[in-house]
Amino acid sequence: MKPAPFHYHAPKTIEETLSLLAEFAPDDGRVIAGGQSLVPTMAFRLARPKHLVDINGVKALDTLKIQDGKLCIGAGVRHAAFHQPVDDGPLGRMLAAVVRHIAHYPIRTRGTFCGSIAHADPASEWCAVAAALDAEMVAESKRGGLRVIAAKDFFKGIMTTALRDEELLTEVRLPIPPNDIHVGFAEFSRRAGDYAIAMAVATYRLKDGVMSEMRIAVGGAEAAPRRMIEAERVLIGHPPNLGAFQAAAHAAANALDPLDDENVSAGYRCDIARIMVCRALEQANA
Ligand SMILES: Cc1cc2nc3c(=O)[nH]c(=O)nc-3n(C[C@H](O)[C@H](O)[C@H](O)COP(=O)(O)OP(=O)(O)OC[C@H]3O[C@@H](n4cnc5c(N)ncnc54)[C@H](O)[C@@H]3O)c2cc1C
């Protein structure tokens, strides 16, 4: 099938983009970034936006920089920008490991980091990373100005976020963890490049042989990714070992409210999430 007819707008600046969104978002206008999620849904006519505001010509959004201890990722930055570590420390290594799980290479050269965050597929790897690291989402609109939204308040459910219709997600900021932070990521999908059934991100600091500053997030298993405080609590103050990791993984699985569909039952998803939490922790400890 082909998309339903739409009006196409190609702004060159952020200001122009915000004006177009203020005018057309109320009339079913949408941002198009990489188009890797939006275009397929338009082709199937599951989405029929009347206006597309294409941000690919807005050079000011193509920025990837470190500022005030945060990695600031502009709305034009593609997934492929993370194939090589963008930072010398554990964050750069983790993002380079995670990006290889996102779709396939051609999709990674078009799809954007911020597009994934705005789209908020429950199985998005970047959304799980953003939840784990307590990312900040920078949203701008003509009427509302600039808002910074914490990850815990941003992801509301399946493809549902705190972004307002006329807001542009201009930037996502990831706090840069210290160099001695241990990081791990694990996901399970049926085939390479498929959306994951479940994934986990784990980070911690080792001090005097015990874990602190725990962060564990699960993605893909629930309607939205989130930190699993229940699992983090199990590990704080304990040495890293398989028994502790398994106990935390059980705590995470018990706390889940898993998605359930004809392909993947809730019970199976919980099992996979439990194993992913354990594997992410083992990887962080490797
Ligand atoms: C075959 C296939 C496999 C895939 N597998 C995976 C996978 O394993 N993991 C994964 O995470 N993703 C996967 N994707 C999706 C891919 O990562 C997309 O790139 C991503 O979901 C959306 O980014 P985009 O830039 O393409 O956004 P678009 O498709 O352009 O937009 C998606 C939605 O977000 C909105 N939007 C985009 N940018 C902004 C912004 N800056 N401000 C406000 N709203 C915005 C759009 O209006 C639209 O509603 C897959 C896609 C395909 C086609």
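In which strand is the place of histidine 51? The place of histidine 51 is in strand 3, and the views below begin with that residue. The model is predicted, so that local features are reported only at pLDDT of at least 70 and side-chain atom pairs only at pLDDT 80 or more, whereas totals for chains, interfaces and linings use all residues. Residues are numbered from 1 along each chain as its sequence is written, and side-chain values use heavy atoms, with hydrogens and water left out.

Histidine 51 counts as buried at 6% relative accessibility, where buried means under 20% relative accessible area, exposed means over 50% and partly exposed lies in between (1.4 Å probe, protein chains only). Not counting residues up to four places away in sequence, histidine 51 touches His7, His9, Phe24, Asp27, Asp28, Gly29 and Arg30, a contact being heavy atoms within 4.5 Å. Lysine 50 lies in the loop between helix 2 and strand 3, the helices (H or I, at least four residues) and strands (E, at least two) being DSSP runs numbered from the N terminus. At 45% relative accessibility lysine 50 counts as partly exposed, and its contacts, leaving aside neighbours within four places in sequence, are with Phe6, His7, Asp27 and Asp28. The C-alpha atoms of lysine 50 and alanine 60, which are ten residues apart along the chain, are separated by 26 Å.

**View B. The buried residues of helix 1.**
In helix 1, which spans residues 14-24, the residues Ile14, Thr17, Leu18, Leu20, Leu21, Ala22 and Phe24 are buried. These buried residues pack against strand 1 (7-9), strand 2, strand 3 (51-54), strand 6 and strand 10.

**View C. Salt bridges that share partners.**
The structure holds 18 salt bridges, each defined as a side-chain nitrogen of Lys or Arg within 4 Å of a carboxyl oxygen of Asp or Glu. Lysine 65 forms one of them with glutamate 171, the closest N and O atoms being 3.8 Å apart. This pair links distant parts of the chain, with lysine 65 in strand 4 (residues 64-67) and glutamate 171 in strand 10, 106 residues apart. Lysine 65 is partly exposed, with a relative accessible area of 34%, whereas glutamate 171 is buried, with a relative accessible area of 12%.
The side chains of lysine 70 and glutamate 136 also meet in a salt bridge, at 3.5 Å from N to O. Here too distant parts of the chain are linked, lysine 70 being in strand 5 (residues 70-74) and glutamate 136 in strand 6 (residues 136-141), 66 residues apart. Lysine 70 is partly exposed at a relative accessible area of 24%, and glutamate 136 is partly exposed at 22%.
Lysine 152 forms a salt bridge with aspartate 153, with 3.4 Å between the closest N and O atoms; lysine 152 counts as exposed at 65% relative accessibility and aspartate 153 as partly exposed at 35%. Salt bridges that share partners join Lys65, Lys70, Glu136, Glu171 and Arg173 into one network.

**View D. Aromatic pairs.**
A search of the whole structure finds four aromatic pairs, in which rings of Phe, Tyr and Trp (its six-membered ring) have centres within 6.5 Å, planes under 30 degrees apart counting as stacked, over 60 as edge-to-face and the rest as tilted. The rings of phenylalanine 154 and phenylalanine 155 have their centres 5.2 Å apart and their planes at 90 degrees, so the pair is edge-to-face. Both phenylalanine 154 and phenylalanine 155 are buried. Ring pairs also link Phe82, Phe113 and Trp126 into a cluster.

**View E. The largest pocket.**
The largest pocket holds about 1,200 Å³ of space. Of the 48 residues that line this pocket, the closest to its centre are Arg30, Ser37, Gly115, Ala118 and His119. On a 1 Å grid over the protein atoms alone, a pocket is an open set of points where a 1.4 Å probe fits, with protein on both sides within 12 Å along at least five of seven lines, and lining residues have an atom within 4 Å of a point. Helix 5 gives the most to the lining of the largest pocket, with five residues.

How values were computed:
Points joined across faces, edges and corners; volume = space filled by probe spheres on them.
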